[in-house]
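Open the model in your viewer and keep the selection panel at hand. The stops below go from a cavity to a strand and its neighbours.

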Amino acid sequence: MNVLITGGASGLGETITNRIAIDPDCVVYFTFNRSEDRAKNLEKLYSNAFPIKCDFTNESDVDALSERINDLNIDVLINNAYTGISIGTYFHKTDPEDFLTDFKNNILPTVKVTQAALKSFRKKKKGKVVTILTSFLINTPPTGSSVYVSNKAYLQQLTKVWATENVKYNITSNCVSPAFMLTGFTQDVDERVIEQMKESHPLKQLLTTAEVAETVYFLLNAPSQMNGVNIVMNAASNIK
């Protein structure tokens, strides 16, 4: 199974790359931008893991990756990369340009890469798309998350379209929506806030990237009947 993971050298993406690469039946291609050292380390650890330099804010990089997808002959695309921050300021204080910038840096690259993957999958009449969302879409969104949540909501609706439009080609489109995790992406969150999260958590412990990676790996091997599903990982703190 050939797998492409965007943003696969840091944070949650790095854990996903590790989890899939330990499967000798998988060939893992993963993109990276600033995490070159981590990408090289993954390449050393696994003979079946291959890094691809791609800056999602660089249109040429994204186009080059999209054009390469057909040659990679991937069976699975994991949309994980996200450039920016999850928590900013209040909506009424947010510069409208921030919405446009984050859309250009995150949604449009994901659209291009996924379009290329789906075209390849339709030729082969099989394929899987797994997209990382957020449980902020289910739970009460935290203050300052308007840009991040709106982007993830946009992707959530796209994943439904990908599922319905491609089901007859044996292509699935599923999502994982994790709750807050401790990663480089969330490193700027105040420690006091993190402690409050732990205290109020039903299990008294935050979700780990390993738990999410295991769920992503499950979707790689899930039957085609499982399509259009969003797996929410929030310890039943809010059920939809």
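The lining of the largest cavity consists of four nonpolar, four polar and one charged residue (nonpolar: Ala, Val, Leu, Ile, Met, Phe, Trp, Tyr, Cys and Pro; charged: Asp, Glu, Lys and Arg; polar: the others, Gly among them). This is a predicted model, where local features need pLDDT of at least 70, side-chain atom pairs count only at pLDDT 80 or more, and totals for chains, interfaces and linings use all residues. Residues are numbered from 1 along each chain as its sequence is written, and side-chain values use heavy atoms, without hydrogens and water.

Select Asn79, Asn80, Ala81, Tyr82, Asn106, Thr110, Ile132, Lys152 and Leu155 to show that lining. A cavity is a set of points on a 1 Å grid over the protein atoms alone where a 1.4 Å probe fits but cannot get out; lining residues have an atom within 4 Å of a point. The space inside is about 40 Å³, taken as that filled by probe spheres set on the points, which are joined across faces, edges and corners. Helices H4 (96–124) and H5 (146–166) each supply at least two lining residues (helices are DSSP runs of H or I, at least four residues; strands, of E, at least two; both numbered from the N terminus).

Next, select strand E6, residues 171–178: eight of its eight residues are buried, so the strand is largely enclosed by the rest of the structure (buried: under 20% relative accessible area, 1.4 Å probe, protein chains only). Ile171, Ser173, Cys175 and Ser177 point one way, and Thr172, Asn174, Val176 and Pro178 the other.

Valine 130 stands opposite asparagine 174 in E6.

Finally, show strand E7 (residues 230–233), which runs parallel to E6 with four bridges. Isoleucine 231 in E7 is the bridge partner of valine 176.

Note on methods:
On a 1 Å grid over the protein atoms alone, a cavity is a set of points where a 1.4 Å probe fits but cannot get out, and a pocket is an open set with protein on both sides within 12 Å along at least five of seven lines; lining residues have an atom within 4 Å of a point. Buried means under 20% relative accessible area, exposed over 50%, partly exposed in between (1.4 Å probe, protein chains only). Two strands pair if DSSP finds at least two bridges between them.
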